[in-house]
Structure formats: structure tokens, C-alpha cells
Amino acid sequence: MPLGLFGNKFSPKKTPPRRAQSLSNLHLDADESKAEFGIDYGPVKVSLGGNEVAFENGLWVNESGSGAASHKEVQRLKKDNQNLHEENNLLKLKIDILLDMLAETSAVSHFHGNEVKQLREARSKKR
């Protein structure tokens, strides 16, 4: 005997399909979202303890000139330092090569000097 009073709790009603399209902006790329929503952020700048820093190219750059050297100047000095180290290493290598050449020339000269001495001694013995 079916009980019509209580109904079937375990068969939920089907939901109707959505009528409107999704309003999500996740499908837009960066240029489209900028054009659509007018989002244009400038460089991120923060002022901390009297020092102003900006986020540029993935690095925080000190923009206030107070106290220490600016980040750009430090980067330039590091690059110059690296170039000078490379030049110094190249000059050390050249000095090593020149010393090797000098040692070889000295050895050849010493050998030729001994050879000349031996030839003179052999010549003097023949007379």
C-alpha cells in the first residue's frame, strides 16, 4: 500500500537550465580586459620610513635619493665591477702566456749558447 502522504524525499526535482550567459570575465585576455574595464595600473610605488620604492621588472627599486646610492647606480657599479674582473682575468692570462713564451725563448737561447760553446771547443781541439 503506497503512502502518498509523505512523498518520496530521495528523488529531487531537476533544475531548469540557465537562461543567461555567464558574466565571468575569466575568458578575457589582458588586452581585452584592459579595454573592457579600463584597468591601467602604473608602477607600484610604496613609501616606507621616508624611502620611496617602486616595483620594476620584478625588483623593488629605491627611488628616493636620500642616504644610500640608488638601485640603478648600484646595478651599474656591479656591472662595471664584473667587467673589470673579467678584464683583470684576461690580463693575468696574457701575462702567464708571455711568461711561458719568455721561458721558452730563454731555454732555446741557453741551448743555442751551449751548442755554440761546444762547437767552438770542438773546433779548437781539431787545430
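**Close-up views of a predicted model**

View 1. Strand S1 (residues 44-48) runs antiparallel to strand S2 (residues 51-56), and the two pair over five bridges. Two strands are said to pair if DSSP finds at least two bridges between them. Strands are DSSP runs (E, at least two residues), as helices are (H or I, at least four residues), and both are numbered from the N terminus. Lys45 has Ala54 of S2 as its bridge partner, and Leu48 has Asn51 of S2. Two residues lie between S1 and S2 in this hairpin, and Gly49 in the turn has a positive phi of about 55°. The model is predicted: local features need pLDDT of at least 70, side-chain atom pairs count only at pLDDT 80 or more, and totals for chains, interfaces and linings use all residues. Residues are numbered from 1 along each chain as its sequence is written, and side-chain values use heavy atoms, with hydrogens and water left out.

**View 2. The three-stranded sheet.** The sheet is open, with three strands in the order S1-S2-S3 and antiparallel pairing. S1 and S3 are the edge strands, each pairing on one side only. On average, neighbouring strands of this sheet are turned by 30° against each other, direction ignored. For such angles, axes are lines fitted to C-alpha atoms, for helices over the stretch in contact, and angles run from 0 to 180 degrees between N-to-C directions.

View 3. Asn57 sits in the loop between S2 and strand S3 (59-62). The phi of Asn57 is near 55°, a positive value in a residue other than glycine. Asn57 counts as exposed, because its relative accessibility is 81% (buried means under 20% relative accessible area, exposed over 50%, partly exposed in between; 1.4 Å probe, protein chains only).

**View 4. A nonpolar surface patch.** Leu90, Leu93, Ile97, Leu98 and Met101 form a nonpolar patch on the surface, with about 480 Å² of accessible area together. Accessible areas come from the Shrake-Rupley method with a 1.4 Å probe; for residues, only the protein chains shown count as cover. Patches are made of residues with over 30% relative accessible area and no salt bridge; like charges are joined within 9 Å, nonpolar side chains (Val, Leu, Ile, Met, Phe, Trp, Tyr) within 5 Å. A salt bridge is a side-chain nitrogen of Lys or Arg within 4 Å of a carboxyl oxygen of Asp or Glu. Ile97 belongs to helix H2 (residues 71-126) and is partly exposed, with a relative accessible area of 45%.
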